[in-house]
Amino acid sequence: MILHQIEALKAIGVTEVVLAINYQPELMLNFLKEFEKKLEIKITCSQETEPLGTAGPLALARDKLIDVSGKPFFVLNSDVISEYPLKEMIEFHKSHGGEASIMVTKVDEPSKYGVVVTEETTGKVEKFVEKPKIFVGNKINAGIYLLNPSVLDRIELRPTSIEKEVFPKIAAEKKLYAMLLPGFWMDIGQPKDYITGLRLYLDSLRKKSSPKLAKGSHILGNVLIDETAVIGDGCLIGPDVAIGPGCVIEPGVRLSCCTLMRGVRIKKHACISSSIIGWHSTVGRWARVENMTILGEDVHVGDEVYSNGGVVLPHKEIKSSILKPEIVMAVAEAKHSKTKVLILTAEKHLGLDNENDKDYYEEENVAYETGT
Amino acid sequence: MILHQIEALKAIGVSEVVLAINYQPEVMLNFLKDFETKLGIKITCSQETEPLGTAGPLALARDKLLDDSGEPFFVLNSDVISEYPLKEMIAFHKSHGGEASIMVTKVDEPSKYGVVVMEQSTGKVEKFVEKPKLFVGNKINAGIYLLNPSVLDRIELRPTSIEKEVFPKIAAENKLYAMVLPGFWMDIGQPRDYITGLRLYLDSLRKNSPSKLANGPHIVGNVIVDETAKIGEGCLIGPDVAIGPGCVVESGVRLSRCTVMRGVRIKKHACISSSIIGWHSTVGQWARVENMTILGEDVHVCDEIYSNGGVVLPHKEIKASILKPEIVM
């Protein structure tokens, strides 16, 4: 999502992007260095050592955000997906002459969010109402702002909420204006919403007749496949599927409403729907994965295993089926462990003898070499 | 199972079989006519119009069972699967000179059944104990009998239990003997037991007639495939699978611990385990069927459907997944 945002910023002439982060993920930084080069845009980080809320990080990055030009700066939230009509937002900002512009989006259930009440014609923001119990409007803060540098003077370097403390003040001074975001918008913090957001995003690609969408007799609906991914014979892919770089989809696989991150291998005849498969994971032959199964990084689902909404933490092997949605934190084998490990595990067996299905606990002492 | 029994009877020289039934299933009768011709054995039916228990049907079929020879006749229960050492049973019957012989089999949980208590050396039956609470023995009635014609004189034409009314009387007169059935035995009335019975049966084939079992790179463990069935490429079949006549298993299918009845079509990439697929049913592409799913005749599971222990009555289409074991009517 960050890449989409950075590309949109680059497209309208932004030359520098500051990422407000709370820890140094080296992997992400290296990844972004590539994009610095590719896109020719400067990417720096501003790291908070204590949580600063939604406004505090702006104060922290003050020096990076202000330059002698005195021009306004964009603020984007990275856990949303939408279109980025940033050029139109710049014009809107200029035309009203206020101190801050925000994008708002229409939702069906405004009571879950912070509603922005605006004057119809000008877009001037009258007030914010958090999770309103009665209907006051159906437009909510979309998390995309264009702010004059003077806004930074309003933000102290402490945990501060931009929606609750800063914007209401600017609105009271009649200097805050809201523009309706055209097209789709989705807060993709939750996995289920991520899948919905994917659908909306692919739908918007379809509307633009984007050549990025995959075509072929094995493709159904909107599907995005990275050019470095390999798809075997006899697959049926889609609708609403995104396949990342370096993925290998073996023959006879069925994928629908799912995302496959970089480096994933799906083995023959597997069937995956409504799920997210994390980086470098594998899904075994004839496995069935569905109902908001989320596999973290480096998760390996054994052949013929069934996952119904399993949420699996990284670096795991799943050898027995997950019959109802649950979080999988501990399984029988610990990978990459040098020490003797005592692992407690519960496994369900579907027995063929006359005994009933039963839960039982196994203890294993295992010692592993670190290995690949 | 009936065919196995009829073949075993034919093998030791039986020339006529009477099926005790309670309704006229025309399909079964036509099917059996084929076998009459093939095996060269006479098959007739004795139909009860009201339930007659486990002994009454013998009285009903009296005329068919008796002939001038006065020789004993076999009685077999059709809901069991086992080996049929009938020649040995005849020899046993002659040697003890009693009125009736029964096969008994060892089980782990005798308290669920009727236990036969017998004298160790002769096999003479002392008594029957139904579902014993204390341990009295671990041999139960295997449902295979060899009876002298005189036994028929003990059975009235009314609902009668052979285990509860007839055999105990014969035992009291010291005229009932039991022989331990070698090899496997399984009461396959329940679907789960049917799957276990299949496993035991295939295991015995592996020991006795391994040539009947399938082999190949796509076969794992014991698998039997009818010669008229077709298997596509890239399948993995077994262990403990039986595939019936005329079945079509498309490419990329995984089958384990299941029975696929006559005329079934399994579509590409499907995955089936521990289930019974009824005659002329279909299972759709990428479908997953497991955990004692039982499909009746002519059931059609759509593409990508999941069935976890669904029990589906005949002539149905399954368009939505069955997430936990339940009956679909």
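Tutor: Gladly! One cut-off first: contact means heavy atoms within 4.5 Å. Please keep in mind that this is a predicted model.

Student: Which residues does Val283(A) touch, not counting residues up to four places away in sequence?

Tutor: Val283(A) touches Arg265(A), Ile266(A), Lys267(A), Ala270(A), Ile272(A), Ile277(A), Val289(A), Leu295(A) and Val301(A).

Student: What makes a set of residues a nonpolar core?

Tutor: Its members are buried residues of types such as Val, Leu and Ile, joined through side-chain atoms within 4.5 Å. The largest such core here has 30 residues, and Val283(A) is among those with the most contacts inside it, as are Ile237(A), Ile243(A), Ile249(A), Leu255(A), Leu260(A) and Ile266(A). In chain A, strands E14 (241-243), E16 (254-260), E18 (271-277) and E22 (299-301) each supply at least two residues of this core. E16(A) gives the largest share, three residues. Another core, of 29 residues, lies apart from it and includes Val249(B), Val260(B), Ile266(B) and Leu295(B).

Student: Why is Ser256(B) called buried?

Tutor: Buried means under 20% relative accessible area. Ser256(B) has 4% relative accessibility, so it counts as buried.

Student: Where does Ser256(B) lie, and what is it in contact with beyond four places in sequence?

Tutor: Ser256(B) belongs to strand E16 (residues 254-260) of chain B. Its contacts are Gly238(B), Pro239(B), Val241(B), Ile272(B), Ser273(B) and Ser274(B), leaving aside neighbours within four places in sequence.

Student: What does UniProt list for residues 219-328 of chain B?

Tutor: An unreviewed UniProt entry lists "domain: Mannose-1-phosphate guanyltransferase C-terminal" there. Over these residues the chain is 0% helix and 45% strand, with the end C-alpha atoms 32 Å apart.

Definitions and conventions. Residues numbered from 1 in each chain as written. Chains lettered and ligands numbered in written order. Predicted model: local features only at pLDDT ≥ 70, side-chain atom pairs only at ≥ 80, totals over all residues. Heavy atoms only, no water. Buried < 20%, exposed > 50% of the residue type's maximum accessible area, 1.4 Å probe, protein only. UniProt positions renumbered as here; feature names shortened; annotations may be inferred.
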